[in-house]
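Take a moment with the sequence and the model before reading on. Turn the model slowly and follow the chain from one end to the other.

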Amino acid sequence: ESLQAGVKVIPVKVKWDEQFHNQEGKTVKNASYTPALLASGKIDIYPCNLTICKWRGKKQTMVPLFTSRMLVVINRKDRKKIKQLSDLAWKKGAVPMNSTFFSWIEQQNKTSLKDTPITILPMTFREGFKAVDEGRADFTICDADGAIWICKHLAKFSRIAFPVGEVVKIGWGFRREDKKLQEKTRKFFKKQYSDNNSELNQIWKRHFGKTLIEFSAIVSAIK
């Protein structure tokens with residue numbers, strides 16, 4: 001079974017925050033609306049790593065694919081200085097605008113680090129890793145799959161420091177009314193996930209050295 005059978009896929013490149021923009025080109029977290037890109041029909045599916053959370057559920061339906069965990073990534077020269085949450089005090093963090101990583105930092109700045117807040121540097125994922133590599137940012141945050149891949153293939157001096165937040169579900173985003181497409185995707189994910197030899201698991205094996213099943217087991221064991 002494949003979601004692509006008889007379907008022509010047309011990729012559309014957009015900025016991360018644009019996925020959640022309303023008709024005025026703004027992301028309003030507490031508001032319920034269909035993002036402009038989905039509402040216009042320009043995009044039907046967000047097949048990217050969307051962390052499932054409450055405010056995004058007000059704008060689209062997300063079908064979970066796997067579990068993950070946020071990881072703090074630092075320059076390896078700082079490995080003795082940045083080992084835990086409290087070490088992020090007064091530091092500069094590079095993360096995408098309105099990502100779950102951005103929201104996590106905002107929450108820390110209101111609670112545990114309210115007297116020593118983190119300075120947020122809005123950047124794309126790759127820009128954030130580059131900024132850490134070059135010393136322009138003290139850290140970035142990424143989901144485990146992205147952090148592992150980028151540290152292995154792209155970043156020269158970055159390393160994973162420690163996990164933050166809870167284990168979360170990651171998936172794809174759809175217009176809320178597209179129930180049939182959502183259900184077909186759920187069935188597709190379930191079949192692919194449960195078969196070690198499936199195309200999806202083999203893609204993960206090639207890119208991360210682990211199948212999706214193995215990766216999820218590792219994430220669940222992270223303390």
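At what angle do the axes of helix α6 and helix α7 cross? They cross at roughly 65°, and the axes come within 8 Å. Helix α6 covers residues 199-208, and helix α7 covers residues 212-221. Here axes are lines fitted to C-alpha atoms, for helices over the stretch in contact, and angles run from 0 to 180 degrees between N-to-C directions. Helices (H or I, at least four residues) and strands (E, at least two) are DSSP runs, numbered from the N terminus.

This is a predicted model, in which local features need pLDDT of at least 70, side-chain atom pairs count only at pLDDT 80 or more, and totals for chains, interfaces and linings use all residues. Residues are numbered from 1 along each chain as its sequence is written, and side-chain values use heavy atoms, with hydrogens and water left out.

Stay with the two helices. From α6, Leu200, Asn201, Trp204 and Lys205 meet Leu212, Ile213, Glu214 and Phe215 of α7. Contact means heavy atoms within 4.5 Å. The residues of this contact divide into 5 nonpolar, 1 polar and 2 charged. For these classes, Ala, Val, Leu, Ile, Met, Phe, Trp, Tyr, Cys and Pro count as nonpolar, Asp, Glu, Lys and Arg as charged, and the others, Gly among them, as polar. Buried means under 20% relative accessible area, exposed over 50%, and partly exposed in between (1.4 Å probe, protein chains only). Glu214 and Gln108 are 106 residues apart along the chain, and their C-alpha atoms are separated by 31 Å.

Two strands pair if DSSP finds at least two bridges between them.

Walk through some of the pairs. β1 and β6 run antiparallel and are joined by 4 bridges. In that pairing, Tyr46 has Gly173 of β6 as its bridge partner. β2 and β6 also pair in the antiparallel sense, over 13 bridges. Ile74 stands opposite Arg159 in β6. Strand β2 (residues 61-75) is joined to strand β5 (residues 139-143) by 5 bridges, and these two run antiparallel. Thr140 in β5 is the bridge partner of Val73.

After α3 comes Gly135, whose phi is positive, near 85°.

Trp90 counts as exposed because its relative accessible area is 58%. Asn98 counts as buried because its relative accessible area is 10%.

How many residues line the second largest pocket? The lining has 14 residues, of which Met70, Thr100, Ser103, Trp104 and Gln107 lie nearest the centre. A pocket is an open set of points on a 1 Å grid over the protein atoms alone, where a 1.4 Å probe fits, with protein on both sides within 12 Å along at least five of seven lines; lining residues have an atom within 4 Å of a point. About 270 Å³ of space lies in this pocket. Helix α2 gives the most to the lining, with 7 residues. The lining divides into 4 nonpolar, 6 polar and 4 charged residues.

Key
Grid points are joined across faces, edges and corners, and a volume is the space filled by probe spheres set on the points.
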